[in-house]
Amino acid sequence: MADTSIQTLSRHRCYGGWVSYHQHDSAATKTPMKFGVFVPPQAEKGKVPVVIYLAGLTCDETTFLIKAGAERMAAELGIMLIAPDTSPRGLDLPGIRDSWDFGEAAGFYLNATRAPWTENFRMEAYVTGDLLEAVEAEYPNADLGRLGIMGHSMGGHGALTLALRYPDRFKSVSALAPISNPTQVPWGEKAFSNYLGHDRSKWAEYDASELVKSGKRFPGPVLVDQGLADKFLEDQLKPEALEAACGDAGQELTVRRHEGYDHGYFFIQTVIDDHLKHHASKL
């Protein structure tokens with residue numbers, strides 16, 4: 001069980017609700033972990049659905065709530081937003097801060113099985129366990145029976161894979177410029193070889209396209225948005241692989257492509273309302 005004692009770091013009024021940042025000790029990562037929350041005004045009167053947002057490489061628990069402009073629509077729809085950090089921090093592991101796309105701020109939302117990462121880099125266990133326990137303890141009006149998940153880039157990979165691996169827990173899923181086929185791209189190869197070892201058959205457990213090919217299904221529609229001016233599109237993201245896998249398997253998927261949009265948060269601001277409405281329709 002997680003230590004559910006939670007420290008509130010800051011609290012800010014926003015669209016009739018509150019943005020708060022918290023820290024707590026995680027049993028999964030064996031480190032303090034931070035997360036941000038937007039509580040809509042509807043939570044003052046009763047339980048509200050919850051959407052977890054998983055951020056991408058180099059990001060932390062503040063990025064989404066500051067940059068995405070999601071709170072206005074979340075307040076209108078009555079959705080609580082949860083934004084966890086992207087990895088454990090403050091550890092003294094070899095190479096943990098040597099590159100921007102691996103180690104600290106690059107947890108890839110998996111449970112590492114290769115030393116020295118096994119002990120702490122367990123973001124799958126954190127997001128699906130300790131984080132939810134902390135939210136439930138701190139926010140009794142968070143209805144975790146109506147739980148969605150979304151994310152951007154590395155976080156889009158995380159949202160897709162966790163939804164496919166835990167279809168009974170998550171009721172809605174969407175992704176923004178996700179790493180859709182990480183076993184076949186440099187970001188995934190670097191992360192997986194270090195976190196999981198060199199047996200590529202183990203990597204497929206954390207690849208949305210491969211999970212769908214292996215028979216995993218999400219019991220509902222999946223929404224993906226992708227900018228066509230995204231510099232990572234061709235080499236790192238591979239939405240066409242996810243489309244092919246879902247098409248062959250009969251998994252409901254919508255991939256929307258947007259001319260001129262890049263990988264950053266101006267793109268996310270443009271489509272975030274549609275994603276929140278997608279989640280609201282299922283939750």
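Definition first: I count two strands as paired if DSSP finds at least two bridges between them. Also a reminder to myself that this is a predicted model.

**Entry 1, the sheet.** With that in hand, I looked up the strand order. Nine strands form an open sheet, running E1-E2-E3-E5-E4-E6-E7-E8-E9, and the pairing is mixed. Strand E1 (6–14) and E9 are at the edges with a single partner strand each, so one side of each has no neighbour in the sheet. On average, neighbouring strands here are turned by 20° against each other, direction ignored.

**Entry 2, an antiparallel pair.** I checked strand E3 (residues 31–39) against strand E5 (residues 80–84): they pair in the antiparallel sense over four bridges. Val-37 has Ile-82 in E5 as its bridge partner.

**Entry 4, strand E8.** Which strands does E8 pair with in the parallel sense? I found E7 (residues 172–176), over four bridges, and E9 (residues 253–258), over six bridges. Ala-175 sits opposite Val-224 in E8, and Leu-223 is opposite Thr-254 in E9.

Then I asked about cover: six of the six residues in E8 (residues 222–227) are buried. Val-222, Val-224 and Gln-226 point one way, while Leu-223, Asp-225 and Gly-227 point the other way.

Key: Residues are numbered from 1 along each chain as its sequence is written. This is a predicted model: local features need pLDDT of at least 70, side-chain atom pairs count only at pLDDT 80 or more; totals for chains, interfaces and linings use all residues. Side-chain values use heavy atoms; hydrogens and water are left out. Buried means under 20% relative accessible area, exposed over 50%, partly exposed in between (1.4 Å probe, protein chains only). Axes are lines fitted to C-alpha atoms, for helices over the stretch in contact, and angles run from 0 to 180 degrees between N-to-C directions.
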